[in-house]
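This briefing goes through one protein model, topic by topic. Keep the sequence and the 3D view at hand while reading.

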Amino acid sequence: MQLAEQIFEKHRFFTERLIAAGVAPKIAEQDACNIEHAISAESFQKLKKALDDG
């Protein structure tokens, strides 16, 4: 369950950021799906912190 929550958090994070950047929602969803499985936990946390602090 925890793993599923972590993956979903990544998915929402990337989908929202991509849409905000102007990517069409359907493409943002697809790209977020690819990114969420490829990015390491460390990189995700660092990126999330950098963007949230930004």
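Helices here are DSSP runs of type H or I with at least four residues, numbered from the N terminus. The model is predicted.

**Salt bridges**
- The count of salt bridges comes to 4.
- K49 and D53 form one of them, with their closest N and O atoms 2.6 Å apart. Because K49 and D53 are 4 residues apart in helix α3, about one helical turn separates them.
- K49 is exposed, at 52% relative accessible area, and D53 is exposed too, at 54%.
- E9 pairs with K48, and the closest N and O atoms are 2.3 Å apart. This pair links distant parts of the chain, since E9 is in helix α1 and K48 is in helix α3 (residues 41-53), 39 residues apart.
- E9 is partly exposed, with a relative accessible area of 25%, and K48 is partly exposed, with 22%.
- R17 and E16 meet through their side chains at 3.9 Å, N to O. Together with D52 they belong to a network of salt bridges.
- R17 is partly exposed at 31% relative accessibility, and E16 is partly exposed at 49%.

**Helix α2**
- The 14 residues of α2 should span 20 Å at 1.5 Å a residue, and the end C-alpha atoms are 20 Å apart, so the two values agree.
- The buried residues of α2 are A28, A32 and E36. They lie on the same side of α2, because they cover an arc of only 65° around the axis.
- An α-helix has 3.6 residues a turn, so residues three or four places apart point the same way.
- The cover over the buried residues of α2 includes α1 (2-20).
- On the face turned away from the buried side are the exposed residues K26, N34, H37 and A38.
- D31 also lies in α2 (residues 25-38) and is partly exposed, at 31% relative accessibility.

- T15 is found in helix α1 and is buried, with a relative accessible area of 6%. Leaving out residues up to four places away in sequence, T15 touches A28, E29 and A32.
- K10 lies in helix α1. K10 is buried yet has no salt bridge, and the nearest side chain of opposite charge, E9, is 8.1 Å away.
- The side chain of K10 does reach the backbone oxygen of I39, at 3.5 Å.
- Residues up to four places away in sequence aside, K10 touches E36, I39, A41 and F44.

Notes:
Residues numbered from 1 in each chain as written. Predicted model: local features only at pLDDT ≥ 70, side-chain atom pairs only at ≥ 80, totals over all residues. Heavy atoms only, no water. Helix = DSSP H or I, 4+ residues; strand = E, 2+ residues; numbered from the N terminus. Buried < 20%, exposed > 50% of the residue type's maximum accessible area, 1.4 Å probe, protein only. Expected span 1.5 Å × (residues − 1). Arc of directions from axis to C-beta. Contact = heavy atoms within 4.5 Å. Lys, Arg positive; Asp, Glu negative; His and termini not counted. Polar contact = N/O pair within 3.5 Å; in protein donor to acceptor, adjacent residues only side chain to side chain.
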